[in-house]
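Work through the exercises below with the model open. Try each task before reading its solution.

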Amino acid sequence: MTDLLSVSGVSKRFGAVVAADAISMSAGSGSLISLIGANGAGKTTFVNIVTGYLKPDEGMIALGGQDITKLTPREITRLGVGRSFQIPQLFSRLTALHNVIAAITICGDRGWMRLARSERADVLDRARGLLDRLGLSQYQSHLPKGMPGGARKLLDIAMALGTDPRLLILDEPTSGVSIDEKFSTMDTVIETARTEGRSIIFVEHDMELVARYSNRCIAFLDGRIIADGTPAGVMDDPEVRSRVLGQALGQAVDHADA
Amino acid sequence: MEQVIAILIDGVIYASWLFVVAVGLTLIFGVMRIVNIAHGAIYAIGAYATATLVGLGLGDDAPPWLSLVLMVIAAASVAAIIGPFLERGVLRWFYGRDEMVLLLVTYAILYILDSLMLTVWGSSPYYVTAAYGVFDSVNIGSLSYVGYDFLLIAVALAVGVGLHVYLAYTSRGKLLTAVIHSAEISSAMGIRINRIYMGTFTLGVFLAALAGALTSPMISIQPGVGTNLIIISFAVIIIGGLGSVYGAAVGALIVGICRSAAVHIAPEIELFVIYMVMVAVLLVRPEGLFPPMRVRQI
Amino acid sequence: MMRATILKWLAAAMLAIVAGFGLPGWMLLPLSLALANALVVLGLVTIIRTGGVSFGQALYFAAGAYAAGQVSRLFNSADAFAAIALGGATGLVIAAILAPLLIRFRGIFFAMLTLAVSMVGYGFLLNAGWLGGSDGMSVPAPTYLGYAPQGVWVTRSQFFLCAALALAAGFGMMALFRSSFGLATLAIGQNEIRVEYLGGPIGTIMWIAFVIAGGLAGVGGAAVALIIGHVEPEWMFWTRSGEFVLTAIVSGSTSVVAVFVAALFMEALHMFATDMFPNMWRLALGLILLLIIFVAPDGLGSIRAFRRFTTKRLGPSP
C-alpha cells in the first residue's frame with residue numbers, strides 16, 4: 001500500500017543556514033499529523049518543500065507513489081495537495097464567496113471549461129456549502145479587509161478545501177485567532193476534512209491543540225526531525241521537552257508532579 | 001578617426017544634459033519610489049521660463065552672460081514653485097500606494113502641466129539665442145564647436161561631482177542614501193521622511209528645469225519637447241539602474257554615444273537604437289548596470 | 001449567459017440601429033471613433049486585470065491600422081471586413097509572439113518594457129519607407145462586400161461597422177469576464193502566489209489575455225484607419241498608449257459597460273473641450289484622473305451605484 005506522502009532524505013541549505021537536514025517521514029491516508037518546533041526549526045520550510053515552493057538540495061518527495069520533488073506548487077496542487085498559509089493569502093478585492101469560487105474554478109476548470117460562468121449553480125452551491133461548514137456564511141459578501149482575523153484564516157482554509165485535496169496542509173491555522181475561537185476553529189476544520197476523507201498535516205504551537213487534534217506529532221529542531229510519534233509520546237521525549245517545549249514547561253510539569 | 005572623435009564629443013555633449021535630466025528622475029525614484037513621467041514637462045517649463053525671463057531681462061545692450069544667470073534663476077524659481085506644490089499638494093495624497101498608482105498620478109500631473117504650459121505660453125515656438133554667443137567657438141582638430149556646448153559638459157560634471165559629494169559625505173546626503181536603501185527602516189530610525197521627500201522632489205525638479213534652461217538656446221521651445229525626452233530619460237535610468245546616480249551618468253553616456261553614432265553613421269535609425277538598447281537591458285538585466293543595493297524585504 | 005443580459009445587449013443593438021439612422025454625421029463620427037477606441041481599452045483592461053498596466057497597446061493598435069491600409073495593396077480590394085480581419089489578425093499575431101517575453105515582468109518594469117517595445121515599433125515605422133515612413137500612408141475608403149457608400153452613408157456605414165464590432169466584442173468580453181477565466185485574471189492580479197497554490201496556469205492565462213488584447217487593439221486600429229483614411233507612425237507613439245491607459249483608469253477593469261461609457265466620455269470631453277477650451281481640457285482630464293485614482297482606484301466600474309445600474313450582481317463582487 002503506497003503511502004500518501006513520503007519524504008526521504010530531504011535537505012535544504014540557504015548559504016550557511018541549514019533549513020532542512022535529512023528529513024524523512026511518511027504518512028498514509030487518513031493521517032492527522034501535527035508539526036511542532038520553535039520558530040525557525042524548519043516546519044514552514046518543510047511545508048514549502050513538500051508543496052513545491054522550494055526545491056530540496058537532496059532527497060525525494062512522493063505523493064501517492066508519484067515523485068513530486070521537481071514539481072511546481074501549481075502541479076502539486078493539481079495532484080491533490082491543498083495548503084493554507086501562516087498569513088492568509090486571499091484575493092483582497094473579491095468577496096469571501098468569490099474567493100472560494102475562485103479556488104474551486106481555478107483548480108477545477110480546465111481547457112474549455114474555463115469559459116463557463118464562474119457563478120454557475122453547481123459552483124455556487126459548493127462555495128456556499130464550504131463557507132457554511134466553516135461558519136463563514138455571514139461574511140459571504142464581505143471583502144477580506146472587512147473580516148476579523150480568525151475569519152480570514154478560515155477563508156484561507158476554505159480556499160484550500162476548495163481544491164478538493166486528499167492532503168490538506170495547514171500552516172499555523174490558529175495563529176492570530178483569539179483564544180476562545182481556537183478550539184472551534186480546529187473543531188470545524190478537522191471535522192470537515194475528516195468526514196470528507198482528507199488527510200491533514202498542521203503546524204501548531206499550542207500543545208493543547210496538538211494533543212487534542214492530532215494522533216501523530218512530529219517535532220522539528222534546527223532543521224531535523226527529533227521526534228515522531230503520538231503527541232503524548234513526543235511531548236514526553238526528553239530532548240523535545242528541553243529543546244522544543246522549553247524549560248518553563250518542563251519545570252511546571254515537574255512541580256505538578258512534586 | 002576624425003569621425004570617431006566627432007561621435008565621442010557629440011555623444012558626451014548630448015550625454016551631459018541628458019544626465020542632468022535623468023539624475024533628477026533617478027533620485028526621485030530612488031528615494032520616493034516614484035516614476036515621474038511628468039519630468040519631461042518640467043524640463044520644458046524650465047526652457048519656457050528661461051525664454052520668458054531672458055525676454056524680460058535682456059535689453060539689446062545687456063551682457064550675454066546675464067542670460068546664463070537668468071537661466072539658473074528660472075530653474076530655481078520653477079523648482080521652488082512647482083516642486084513643493086506638486087509634492088505636498090498632489091503626490092502626498094497617494095503615498096503608500098502601489099508604484100504603478102504613483103506613476104499614473106504623475107501621468108495625470110503631466111496632463112495638467114502640459115495644459116498649463118499651453119495656457120501660459122501658447123503653441124508657437126520660443127527661441128533663446130542670446131546665450132549661445134557667450135563663449136567663443138572651440139576648435140578640435142578640424143571640428144568646430146560652439147563653446148556653449150562645453151558649458152553643458154561642465155555643468156553635468158559639476159552636478160555629478162556635487163551629488164556624489166553630497167550623498168557620500170554630508171550628513172543630509174547620507175540620510176538620503178539611507179532612505180534609498182530602505183524608506184521603512186529609515187523612518188523607523190527617526191529620519192524625517194516627509195522632509196526628505198519634499199527636498200528630493202524639489203531637487204529633481206530643479207535639475208530637470210535647469211537642463212531645460214541650459215539647453216533652451218539649442219532647441220525651439222514648443223509643446224511636445226518633453227514627451228520625447230521623458231522616454232529617452234527612462235532609457236538612461238533603466239540602463240544605469242533605477243535610483244543610482246552613477247548609473248545615470250553611465251546610462252547617459254551610453255545613450256548619448258549611441259545616439260551620436262547613429263546620427264553620424266545612420267541617422268534614420270537614431271531613435272530605434274536607443275529604444276532597442278532599453279528593451280535589451282530590460283530583458284537581460286532589468287535592474288540596470290549599477291542597481292543601488294536595496295535592503296531585502298522579508 | 002443570463003437571459004436578462006442577452007436582452008440588454010439586444011436593446012443596445014436596437015439603440016445602435018436607431019442612432020445610426022437618426023443621428024447626424026457629425027455626431028456619428030466621434031461615436032464611431034469612441035467605439036473603436038473602446039475595443040482597444042477592452043483589451044487593455046483584460047491585461048490590467050492580471051496585474052500589469054501595459055503602456056504599449058498602441059503597438060497593436062497601429063499595427064492593425066497599417067495592416068488595414070495594406071489590405072487594398074495586397075488584395076486589390078478595399079473591403080472593410082477584410083481590413084478589420086487583417087488588422088485583428090496582425091495585432092493578435094504580434095501579441096502572441098511578444099507575450100511570452102513581456103508577461104515575465106511585473107509592475108513598473110512591465111509598464112516600461114511594453115512602452116519601450118512599442119517605441120521600437122515606432123522607430124521602425126519612421127524608417128519603413130514601404131509603409132510611408134514618417135508621412136505614413138493613406139487608407140482607401142472602405143467598401144462593404146462590394147457596396148461602396150455615398151454621401152452620408154459613408155459615415156453611417158462606418159458607424160454601423162464600429163457598432164457591430166463593439167456589440168460583438170462587448171458581448172464576448174462580458175461573457176469572458178464572467179467566466180472562470182475572467183475570474184482567474186482578477187485573481188492573478190490580486191495574489192499570484194495564491195493562484196499558483198490553486199493550480200492556476202498563470203503564464204497561459206496571461207498569454208491569452210495579452211493575445212486577446214492584441215487582437216482587439218488591432219481591430220480597433222483597423223477601424224480607426226478606415227474612418228480617418230490615413231495612418232502614420234504617431235499612432236504608435238507612447239502618448240497614444242497613454243490615452244488608452246487613461247480611459248482604462250476611468251473605466252476600471254471590472255465592467256465592460258464601464259469601458260464603453262468611459263470611452264464615450266473621453267471622446268465627448270475631447271470634442272467639446274477642444275472647441276470651447278482648447279488648452280483646458282487636458283487640465284480637466286488630469287484633475288478628473290487624480291480624483292478617480294484617489295477615490296476609486298478600481299475605476300468607475302467598481303463604484304456601487306454604477307454597478308447596480310448596469311448588472312445585477314451577487315453583492316459587492318469582482
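**Exercise 1: a helix pair in chain C**

The crossing of H10(C) and H12(C) is left-handed. The model is a predicted one.

Solution. 
- Step 1. H10 spans residues 238-251 of chain C and H12 spans residues 281-295. Their axes come within 9 Å and cross at roughly 45°.
- Step 2. Name the arrangement. Because of that angle, H10(C) is oblique to H12(C).

**Exercise 2: a helix pair in chain B**

Task: determine at what angle the axes of helix H2 and helix H3 of chain B cross, and whether the crossing is left-handed or right-handed.

Solution. 
- Step 1. Locate the helices. H2 covers residues 39-57 of chain B, and H3 covers residues 65-89.
- Step 2. Take the axes. They come within 8 Å and cross at roughly 130°.
- Step 3. H2(B) passes H3(B) in a right-handed crossing.
- Step 4. Read off the contact. On H2(B) lie B:Ile42, B:Ile45, B:Gly46, B:Ala49, B:Thr50, B:Leu53, B:Val54 and B:Gly57. On H3(B) lie B:Leu66, B:Ser67, B:Leu70, B:Met71, B:Ile73, B:Ala74, B:Val78 and B:Ile82.
- Step 5. Count by class. Twelve residues are nonpolar, four are polar and none is charged.

**Exercise 3: a helix pair in chain A**

Task: describe the crossing of H3(A) and H4(A), and say how many residues of their contact are charged.

Solution. 
- Step 1. Locate the helices. H3 runs over residues 96-108 of chain A, and H4 over residues 121-133.
- Step 2. Take the axes. They come within 9 Å and cross at roughly 120°. H3(A) is therefore oblique to H4(A).
- Step 3. List the partners. H3(A) uses A:Ala96, A:Leu97, A:Val100, A:Ile101, A:Ile104 and A:Thr105. They meet A:Val123, A:Leu124, A:Arg126, A:Ala127, A:Arg128, A:Leu130 and A:Leu131 of H4(A).
- Step 4. Count. Ten residues are nonpolar, one is polar and two are charged.

**Exercise 4: the chain contacts**

Task: of the two pairs of chains in contact, decide which shares the most contacts. Then find the salt bridge between chain A and chain C, and the one between chain C and chain B.

Solution. 
- Step 1. Rule out a pair. Chain A and chain B do not touch, and their nearest C-alpha atoms are 13 Å apart.
- Step 2. Take chains A and C. Here 39 residues of chain A are in contact with 27 residues of chain C. The buried area is about 3000 Å², with 62% from carbon and sulfur atoms.
- Step 3. Take chains C and B. Here 40 residues of chain C are in contact with 40 residues of chain B. The two chains bury about 3600 Å², 82% of it on carbon and sulfur atoms.
- Step 4. Decide. Chains B and C share the most contacts.
- Step 5. Find the salt bridges. A:Asp156 pairs with C:Arg194 at 2.8 Å, N to O. B:Asp114 pairs with C:Arg282, with the closest N and O atoms 3.1 Å apart.

Methods
Residues are numbered from 1 along each chain as its sequence is written. Chains are lettered from A and ligands numbered from 1 in the order in which they are written. This is a predicted model: local features need pLDDT of at least 70, side-chain atom pairs count only at pLDDT 80 or more; totals for chains, interfaces and linings use all residues. Side-chain values use heavy atoms; hydrogens and water are left out. Axes are lines fitted to C-alpha atoms, for helices over the stretch in contact, and angles run from 0 to 180 degrees between N-to-C directions. Helices (H or I, at least four residues) and strands (E, at least two) are DSSP runs, numbered from the N terminus. Angles under 35 degrees count as roughly parallel, over 145 as roughly antiparallel, 65 to 115 as roughly perpendicular and the rest as oblique. A crossing is left-handed if the near helix is turned anticlockwise from the far one by less than a right angle, and right-handed if clockwise. Contact means heavy atoms within 4.5 Å. Buried area is the accessible area (1.4 Å probe) that two parts lose on being put together, summed over both. A salt bridge is a side-chain nitrogen of Lys or Arg within 4 Å of a carboxyl oxygen of Asp or Glu. Ala, Val, Leu, Ile, Met, Phe, Trp, Tyr, Cys and Pro count as nonpolar, Asp, Glu, Lys and Arg as charged, and the others, Gly among them, as polar.
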